[in-house]
Each structure stands twice: as C-alpha cells, then as structure tokens.
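Here is a walk through some backbone and surface details of a protein model. Keep the coordinates open as you read.

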Amino acid sequence: MPRTLLRAASAVLLTLAALNVPAAHAEDVPPVEVTVNARAALATVPETGIGTNHAIWDTQLGNDTTADLLKDAGVKVLRYPGGSYSDIYHWADHTAPGGYVAPNTDFDTFMRGVRRTGAQPMVTANYGTGTAQEAAAWVRYANVTKDYGVKYWEIGNENYGNGRYGEPWEADNHADKSPAEYARHVVAYSDAMKAVDPTIKIGAVLTTPANWPDAIVADGDAGSWNDVVLAAAGSKIDFVILHWYPAAFDKAGHIPDMIELTRRQIARHVGAGSERIGIAMTEFNTGSNSGGTTTQPGALAAADTYATLLANGVFTVDWWNVRNGIGTVTQVEGHTDYGDFGLLSSGTCTADNSVCEPAVNTPFAPYYALQMVSRFARPDDRFVRAATDQAKVAAHAVRRPNGDLAVLLINSSSDTSYPVEIDYTGFSPASGAPTVLTHTNGATSITTATTGSATAQTLPPLSMTTIVLRPSSVQPGLPGAPGQPAVSAVTDTTATISWPAASAGTRPVVKYEVSRQNGAVSEQIGETGGTSLTVHNLKPGTRYTVNVIARDGGGGTSAPSLPLTFTTGTPASSGCSVRLTKQSDWSSGYVGAIDITNNGAPINGWTLAFAWPRTWQSLGSGWSAVWTQTGQNVKVVNEPGNGSLATGATATVGFVGNYSGPNTLPAVFTLNGTVCTTR
C-alpha cells in the first residue's frame, strides 16, 4: 500500500454527548461579523480546481457508481495510478512489482471512468523504476493511439522520499538519488514526452514550504531539493507539484505564504516568464490531524483548505484519495471515524471483523466538502476577499460572471451555533431570502433552502453553509475589468503599477482607481486617468496585493482586475546594511547569521531590531549579542566587547529561529532606529 495508507488517526476526541455539555444556541451568542469585499479580487476558479486521486489497488476504480458519485461531487481532475505506486507502476503490462494491482484498474478502464465523470486525467509517469522512453510511449498510446487528450503529466511522486534525506518510502532505482539527478531526468522525460505531443504539460515534484524535507541541503548538493530542481529543470516544466497533509485543522492560514514562497522560488530560478508555471496540489488530506478522517471535522478542514488554495491561484487540489480502506476506528464528534483517508467507503472491516465500514461507495463526510466547494465556487467565478472576527468561523466568497455572489461559511465549533451578520462592499444584495446550502454533522446530503437574509444567517455547529445571492440591480453598460496589472521600479517606498486598459461600456472610462487589500478591506492608494500609476509612501519590506477598478463618466465602476502581489525592498543606500543568511535548516528551524555593517559615522553601542513576519516564528537562542523577544519583535543589543563599529566595520551575530509554518524570513532591520539596506 502507498505510504499515505499508513497515516493513522492518533487522537480520540470525546463527544459532547459523553460529557453532557449542552450546545450553545444562537440567541445566547454574540453575532459573528462577516465582511465580504467584492472589490478585492483574488484568483479565478479554474476548471480543474476540484480533484481526487484514484489508485490501481482500489477494486472499485472502474465502477460506474464511483464515477457517477465523483461527478455529483463536482470532481474535475482524476489522478492516476495512485501515490507512491506511481514509481513502481508499468502501464503497458499493468504491473506494479512489489505492490497489489486490483482487477479492472488498467489505464483504459481509468480513462473510461474519467470520461464518465466528466473530468480531466492527471497521470504520474514512473520515475522511480521507469524510463523517459516508457513515459513517452504512454503519451503516444494515450494521445496518439487512443486520442484521450491527457494534458497533465507528472514526473514521479514524492521523489525526495527516496532516502536522500533519511528513511525512504519512495521507490528509486537510480544510483544517484540527488535532486540534480531527478532534475536531469525531468529534462529527459520532458523532451521525450513532448516530442510525441508538444501540447502536454509537464510537472516536477517539489517539497512543500515548511514540510520535511523542505529547505534541507543534503551532503554534496548545491542547495535544497527545490532550488536544485528548479534551477536545472525550470525551463522544461509547466507546473510544479506540492503535497500537503497539515498537522492541525487551523492551518489554512499558512496557505498564502506557502504559495507565495513557492512562487518566489520559481521566479528566482526560472526568471522572466516564470508566471507561466502553475502550482498543483496533487495530494491533500486533512486526515487524523484534523480530528477525523471520515467525519465532519475533516470535512470542514477540507472545505476551508480547498477554497483557500484555489483563491491563492493553485490550479488543482486533489484529495487523497477516493478510497483507502479501514484504519484505526475512533469516535469523533458523535460519529464513528473509520480511519479511512478516502471520500467513499470501501466496505472493508478491521482485521478481527469487529467493525466494518458502511456499504461500498457510501460517501464519507469529506465527500460533501468537495461537493459543497464545487457548488460554491464554479469554474470562471472570481474569488473575492472575505473575513470574520471569530476564529471558529471561516468565510470565503466568489463573484459569478452573471453578477451573483456566493459566500461559504464554515463553523468548526462542536458546541456553538453562531449567528452571523454579513457586511458587503462593492455588492448590493437583492432583498428577500437567499438560496442557502447546508451540510451539518452526520448529514448524508447537502440541503437546499430559501431562508434567512443576505445579511443574517445562523450557522449550526460543525457545519458548512453556502449562501447564493442575487444583486439588487444590474446596471447595464459598465466598463470591463482592467487587465492583469504588472509592477516595475519597486523600491523601499515606491512602485509603478501598470495594466491593460479596460474596455469602455456605454460611457467612456475616465479614471482608474488602485486599491490595496488589507484583509477584507480595500484601501485606495491612488487614481489616474492613464493606465500606469507610481505609488508612494509604501512601507519597506512589505507585501502588497492590489486591484485596479475602472470608473466611467457616470460614476459606474468595473469589476476589479485580477490581483497583483509585490513586495517592497529596503533603502538602496543607508547608514547601515544587513545580510541574513541561513547556515542550516531542518524544516522546523534554522541557524541564521546576521552581518551588520556600519556605513555611517563610528558607533559606540548598537541595537539591531526586527520583527518575525508570522506568529508561528520565534527565537530559539542567540549568540554574540544579547537577544530578547517581545511578541513578534526581536531586539539584539551588543555585548560589552563588540559595541564599537567603525565606519565600514561589520559585526556578526547568530541565532536559532524556530518555525511551524512557511518560513518567510525577516526583511527589514533597523540599527539604532535607522532602516538598513538588506543585502
């Protein structure tokens, strides 16, 4: 079985019923404030957004009922042949030496199910025990002989798990197990496969930020897995592959940094045109880490994570997997959790036959999460910002091409029914009760009702709720949205933002308004009659996401442009300069060195200050100075022997930094209150 089958539930959650704790009713709870900003646009929902994994050891892979259920869930991508089996599978004779291959799971059977589901296939070519020629022959069979039109092809699965960084789980027959060797083969695979069909898209395996073995540099390597692979193979690939099994329910907040750091790595190594390379999350599961593999807590985490990943521009999120089989059985939130990482029951039993899963193909709770997300966020919808003031309630929103708005609300509290009050910016909802889709703890379907209002709803405990809203009116003849903005001439305090002009409606466009996203609030930072604006008074070392809106002569406004994200630098010249380097990294912490150079008059006594960008970062220890941390702020004060810095002199200090999420390094440092140049 693949490695992912071995992930078992590790905690048993006591039910509220067992504790005799009554649920808190909405009338006893202050309302949750929800903010939806239709002017703060995020990514467009892709056709390929909702996916899952099939596996050749699943006896039900070719079952029509399976395909129909996946279609009803809105699944648009099916990945094959199944996790780590990909690196032992030989498609031509349908064998996987060392593993079990179920009957009726060959490639043609898989493709028949793909077509019945109405999905696109994603195929993982065998890197571990295969060859480029074998992969090219698969492309020829799929797209020339059979005309299946398989667009997305991965080169291997989790190949960093080949023992290069410790205990292996991924098959790899290559004598050299380095990232450089993998990258060389990615180039060879890409060349051979695209020689058969130049239209296909090739994906390379990366490590996920802050997930082992990300950032680790093995002996003899020129850098981490990602650095080496992207530097050598970046020009030959079309997308990168991440896998994520988060360690807790509340990790969706890590996603923006996770994706941003991945994009930065791609841009750094690929250079101009790197935006053509997409990001695919081809394995994702909340599993036991969220408190239940087949029960509602896992489903809620899945819905939150799918929406967040897609809003941040990932083009497919593929659940692991359709079926896994029974694992460790527990009771979670009043229901039996079967320890199965699948969407659908396999009908299997524990070894002693004391507990059996429901009948084959019975949907588990995460199935309804995918179904809810597919009904909430449809292809070509545009994600917009949404937020709440209650940690137990998550909010997401999309604007549909026809002007409708959908809001997804997730209540992860097991004992509180939350009333919500929703405030809208850039959208005026129609009066009357909206359409509301709801899935609650233990439910076997999503219910649809016309209830509540656009501004007030009540969320049951452990529930997913989608509200679909019509606009109060549709104003004809508005301008089109401006094109994708770009940025240039970025300094520490300024940036020039440019965009393709919006198409005029019934009235000419008279100006453009540029706004930054500050959470779910838009703050206008400038306007112009042209299609370029230099923005001033920005903060050094700060990440900005902006949208552009066109306004016509009658005051009508367009939909917002797609977002532009950029980060300001530090002063080009300053009385001080700082260089931060990582000496070593172990995916949850690192040893850092900071070189502090005095570019001004001699200093007798110095204090270096900086802030951790994220709450999940902290100071472990420090040396060659006195280190203190207050909140996210760090202060480094000279020791008696190194307080004097002559002009041009450098002092070096070191520290251990800890992190439990994507590790965005500090970018802004001050020396005795002066902002330094970061080198």
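**Backbone and surface details**

Ser624 sits in the loop between strand E31 (617-623) and strand E32 (626-630). Helices (H or I, at least four residues) and strands (E, at least two) are DSSP runs, numbered from the N terminus. The model is predicted: local features need pLDDT of at least 70, side-chain atom pairs count only at pLDDT 80 or more, and totals for chains, interfaces and linings use all residues. Residues are numbered from 1 along each chain as its sequence is written, and side-chain values use heavy atoms, with hydrogens and water left out.

Ser624 is not a glycine, yet its phi is positive, near 65 degrees. Its relative accessibility is 30%, which makes Ser624 partly exposed. Buried means under 20% relative accessible area, exposed over 50%, and partly exposed in between (1.4 Å probe, protein chains only).

Ala210 also has a positive phi, about 70 degrees, without being a glycine. It lies in the loop between strand E6 (201-205) and helix H6 (225-233). Ala210 counts as buried because its relative accessible area is 19%.

Now look at the cis peptide bonds. One joins Tyr80 and Pro81, with omega about 10 degrees. Pro81 belongs to the loop between strand E3 (77-80) and helix H3 (107-117). Another cis bond runs from Trp320 to Asn321, with omega near -10 degrees. Asn321 is in the loop between strand E9 (316-319) and strand E10 (330-332).

Finish with Glu421. This residue is in strand E15 (residues 418-425). Glu421 is partly exposed because its relative accessible area is 38%.
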